[in-house]
Amino acid sequence: MKIAIGSDHAGFRYKEAIRQFLTGLGHEVIDKGTYAETPSVDYPLFIRPVAEAVAAGAVERGVVLGGSGNGEAIMANRIKGVRCGLCWNEESARLCRQHNDANVISIGERMMSEETALNLVKIWLDTPFEGGRHLARIQELDQ
């Protein structure tokens, strides 16, 4: 799978760990930055390119990170065609795929351990969209 990834300074360490994790699983990862923990940067500059790549079909999925993941999810969801789920535990990662067909996941580095973050990404990648009653709701998002 081709996956774009981006973070601000507060999500940089986990972005690097997730990038390596995804590459190790055999995915092609497109890194949209940032490329260091310092200096402090504005997250829209790095999250928007991830969301735009997903919306354009240049990549199949996106991973965005920040301190809490909230601003990153808000930014990603401003791009039509993006369905970004802010995930904090296994159930949130599973349900954002099963029910919402989330094509982007947002994770807050300050909210969880690195091990948890990697586990959430794995669950999100492996969980299929259920379709059915959820499909009409997904279609309504883009109307």
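Is aspartate 31 buried, exposed or partly exposed? With a relative accessible area of 22%, aspartate 31 is partly exposed; here buried means under 20% relative accessible area, exposed over 50%, and partly exposed in between (1.4 Å probe, protein chains only). Before we go on, please note that this is a predicted model, in which local features need pLDDT of at least 70 and side-chain atom pairs count only at pLDDT 80 or more, while totals for chains, interfaces and linings use all residues. Residues are numbered from 1 along each chain as its sequence is written, and side-chain values use heavy atoms, with hydrogens and water left out.

Aspartate 31 forms a salt bridge with arginine 19, with the closest N and O atoms 3.6 Å apart; a salt bridge is a side-chain nitrogen of Lys or Arg within 4 Å of a carboxyl oxygen of Asp or Glu. Because aspartate 31 lies in strand 2 and arginine 19 in helix 1, the pair ties together parts that are 12 residues apart in sequence. Arginine 19 also meets glutamate 16 in a salt bridge, at 2.6 Å from N to O. These two residues are 3 apart in helix 1, so about one helical turn separates them. Arginine 19 is partly exposed at 24%, whereas glutamate 16 counts as buried at 18%. Lys15, Glu16, Arg19 and Asp31 are linked in a network of salt bridges, and the structure holds 10 salt bridges.

Another of these bridges joins arginine 83 and aspartate 101, with their closest N and O atoms 3.2 Å apart. Arginine 83 sits in the loop between helix 3 (70–77) and strand 4 (84–86), and aspartate 101 in the loop between helix 4 (90–98) and strand 5, so that the pair links distant parts of the chain, 18 residues apart. Both arginine 83 and aspartate 101 are buried.

Strand 5 (residues 104–108) contains serine 106, which is buried, with a relative accessible area of 0%. Beyond residues up to four places away in sequence, serine 106 touches several residues (heavy atoms within 4.5 Å), among them Val64, Cys84 and Leu86.

Finally, an unreviewed UniProt entry places the feature "binding site" at positions including His9 and Ser68; such annotations may be inferred rather than shown by experiment. Histidine 9 lies in the loop between strand 1 and helix 1 and is partly exposed at 22%. Serine 68 is in the loop between strand 3 and helix 3, and is partly exposed at 28%.

Key
Helices (H or I, at least four residues) and strands (E, at least two) are DSSP runs, numbered from the N terminus.
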